[in-house]
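The following paragraphs lead the reader through a structure, from a single pair of residues to the arrangement of its chains. Please keep the sequence and the model in view while reading.

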Amino acid sequence: MSRPPAVPRDLERAPMVGADERVVEVAPVAAPATTREWLRQNLFSSWPNGLLTIVTSAILLYLAFRLLRFVFVSADWSVLKANLRVYMTGRFPVEELWRVWAAVYLVTALAGISRGMLLRTRWTTTRVLSVAVPVVLLIGALLYLVDSARVWLLLGVAVAVLLVGTVVGRRLGPTRRAPLLVAWVLAFPAVILTLRAFGGVKPELWGGFLLNVIVATVAIFASFPLGLILALGRRSRLPAVSAFSVGVIEVVRGVPLVAWLFFGQFVLPLLLPAGLAVPNIVRAMIMFTIFSAAYVAEIVRGGLQGVPEGQYEAARALGLRPARMMALVILPQALRSTIPAMISHFISLFKDTSLLAALGLFSELLRTARRASASIEFIGLQAEALLPAALIFWVVAFSMSRWSQRVEVRVGVGER
Amino acid sequence: MATAAHTRPPFWRDVRVLRVAGQAVFVILVVVVAREMFLNLEFGVRRQGIDLSFDFLQQRAGFEIKEGIDYSPNQSFLRAFRVGVVNTIAVASVGIVLATVLGLVIGVARLSPNWLLRRMAQAFVELIRNVPVLVQIIFWYVAVVLALPVIGGGLSVWGVAYLSNRGAAIPWVRAEPGAGAFGLVVLVGLAAAAAAWRWRLRVHERTGAPPRRFPVAAAVFGAIAVAGYAATGGPLSIEVPQVDRFGYEGGFQASPEYTALLLGLVIYTAAFIAEIIRGSIQAVPKGQREAAEALGLTPGQQLRLVVLPQALRIAIPPLNSQYLNLTKNSSLGVAIGFPEIISVSGTIINQAGRATQMLLLVMATYLTLSLLISAAMNGLNRLVASRGALR
């Protein structure tokens, strides 16, 4: 092979091949050509393996049979049908629900624009299936659950907003990312205002899935800067500062979140000035934020430790002051390498919002689900009441983790 | 003076001075905020008509606790708290062992050459990891354990183990008089077995004779244990649980709350442990296995002597954090009324009102538990890192 040696743009990534060196090309391991061969290689390569396949598929078939029978025959989904609105919004007053819809449209519009601007999806068969199957399932479930034409109309508008957003985003092109980021940051206060402003709904009445999302979002946004400060504090060369940061981080992480939530309900109001009445839910958000910040701090510390010493030295040699060195040289590199860990922490933070149920004060998704089967007419339907809540948590957490895998590939974590 | 001014920057730009000044400012700030909070706390607590001392722990508790070590409502709050601590430890220790075993099985299944098994293990992990553990615990409790048949019609395994909505009961050993002495004999036996193990290893290293450490050590331990058992008069007996109308009698009984909490914690943590196991085995360089194969080791020996010791070294730090998570997650027992640390403390707060002191106690307890687990894992880590393997 006599290719002219192109000048690699990124030296590290390109294989260094000298002019007279021969490129050794190894043939890829032959992919199995036929279904039969594939089956033999993967399922029946040996006797014990074949036996294992038969046993596993028997178990699998049995489980699938039980699951399908439960979902379509023996389960009584009336409890979900009657409580769908409560699952989503808790005790949010019905006449104010337009605020929730408005917030949903705001977020869908932004999501659509981001999709259009940033995502260049190549529609392979697996990709199509991975989108189409959940969509069909969702539509099927909604057909069964939602009777009201109004809700269908509102959902239809949401889909339309998403699609229009995508088209608009595509028109805008991938260059205007900064305004998009600003829009996302502003979206959150906008959502809160939509729910709250002009005679809106008090936080005490927010509930259901809506509350989980809001608490998780607050904690994610607020804990990031706090965790960053703690991480920098921990690595500070001032012993007083680093000892304080280490103490905070370790104590917060060593104690379970439930204990912190109890702390937020019982002790935090005593620590604050007497005149300051902070609502329950805000105190819970504060505790979530502090708890999450300790974990964020450890993740950022890991990232900071991964930045080679030479980067610090180079930045100092350029005459940068410590603050600018951090902001311009160290943190950008450190934070990029923490993206996967950060997203998986935020996923677990979202799952942790279910712990609000353990306090028994807030009607978030899990508690709503648990109480749905407590009313007389739905007694004995615990599984039917809980499984939809579990499914909602699962869908959000699973799709976030899938999305994070794609982000990881795109930002090239571990490649540079 | 003039020369000093040349060599030294003015004090407001001297790094050493600035460092001290910065720390002083920081400490003052922390102290001021902490003092302000403490004053608020004192004021608030006094307004509630209580104090900040820990004396209340000696008062009569006056509430029932459903399970755990010996306790009656006439005993003190401190005693009640101790019941909670023991219950937490009971869940966490059993949970750690079971989660490790299950996680190991699933982690190995994730690497199986069998496509179906591999995919099933993966599906299990993806399903379990992405549902909050509290949802799972509550599901096991209300939708599975409490939905089991009533005690009379419960499941029975050959008439010795039972499962019903009153929980589970399995046969268990019961200590008769003389068990303490027998315990000592067991310890002696273990020490002797360890000595025998080391002796065989030395012989093997010196002469190349087959080590046979395990059979020899087991034989030594077995001989001492059997002799000791006979000498102390057979102090252990197996007790099979009996069913009566209200519950189980004898054997090891697990309440519905304990069963559900354990199930939830074990399955959830096992999914994470499985990923750790898979990752650590994959992280062992391929060349290691190839080299072991080139030395003529059998596949079993390759795994046992080359791959697993190295994988274990990689796995220990993340396993430690999973064990800590499991222990902390056992606090979710509060949501299903299992009397562990948090739920007992919650009751005490309701009764005595001293939330601040109770939460301090809770934090100190969890931090101690975390430190103990970390210390144990660090010890294991040192052992593995220094010897390269658990020989």
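Which residue in strand 8 of chain B does B:Ala169 stand opposite? The residue opposite B:Ala169 is B:Gln253. This is a predicted model, in which local features need pLDDT of at least 70 and side-chain atom pairs count only at pLDDT 80 or more, while totals for chains, interfaces and linings use all residues. Residues are numbered from 1 along each chain as its sequence is written, and chains are lettered from A and ligands numbered from 1 in the order in which they are written.

Strand 3 (residues 167-170) and strand 8 of chain B run antiparallel and are joined by three bridges. Two strands pair if DSSP finds at least two bridges between them; strands are DSSP runs (E, at least two residues) and helices likewise (H or I, at least four), numbered from the N terminus. In chain B, an open sheet is formed by four strands in the order 1-2-3-8, with antiparallel pairing. Its edges are strand 1 (155-157) and strand 8 (252-254) of chain B, each of which pairs on one side only. From one strand to the next, the twist averages 10°. Helix 8 (residues 256-283) of chain B packs on this sheet, where it touches strand 3 and strand 8 of chain B, and its direction makes about 90° with that of strand 3 of chain B. Such angles run from 0 to 180 degrees between N-to-C directions, with axes as lines fitted to C-alpha atoms, for helices over the stretch in contact.

Chain B as a whole comprises twelve helices and eight strands. Its C-alpha trace spans about 80 × 70 × 50 Å along the principal axes. Of the 391 residues in chain B, 32% are buried (20 or more other C-beta atoms within 10 Å of the residue's own, with C-beta atoms placed from the backbone).

The discussion now turns to the interface between the chains. Contact here means that the C-beta atoms of two residues, placed from the backbone, lie within 7 Å. On this basis, 46 residues of chain A are in contact with 46 residues of chain B. Helix 17 of chain A gives the most to the side of chain A that touches chain B, namely ten residues. That side has 33 nonpolar, ten polar and three charged residues; Ala, Val, Leu, Ile, Met, Phe, Trp, Tyr, Cys and Pro count as nonpolar, Asp, Glu, Lys and Arg as charged, and the others, Gly among them, as polar.

Definitions and conventions:
Buried ≥ 20, exposed ≤ 12 C-beta atoms within 10 Å, placed from the backbone.
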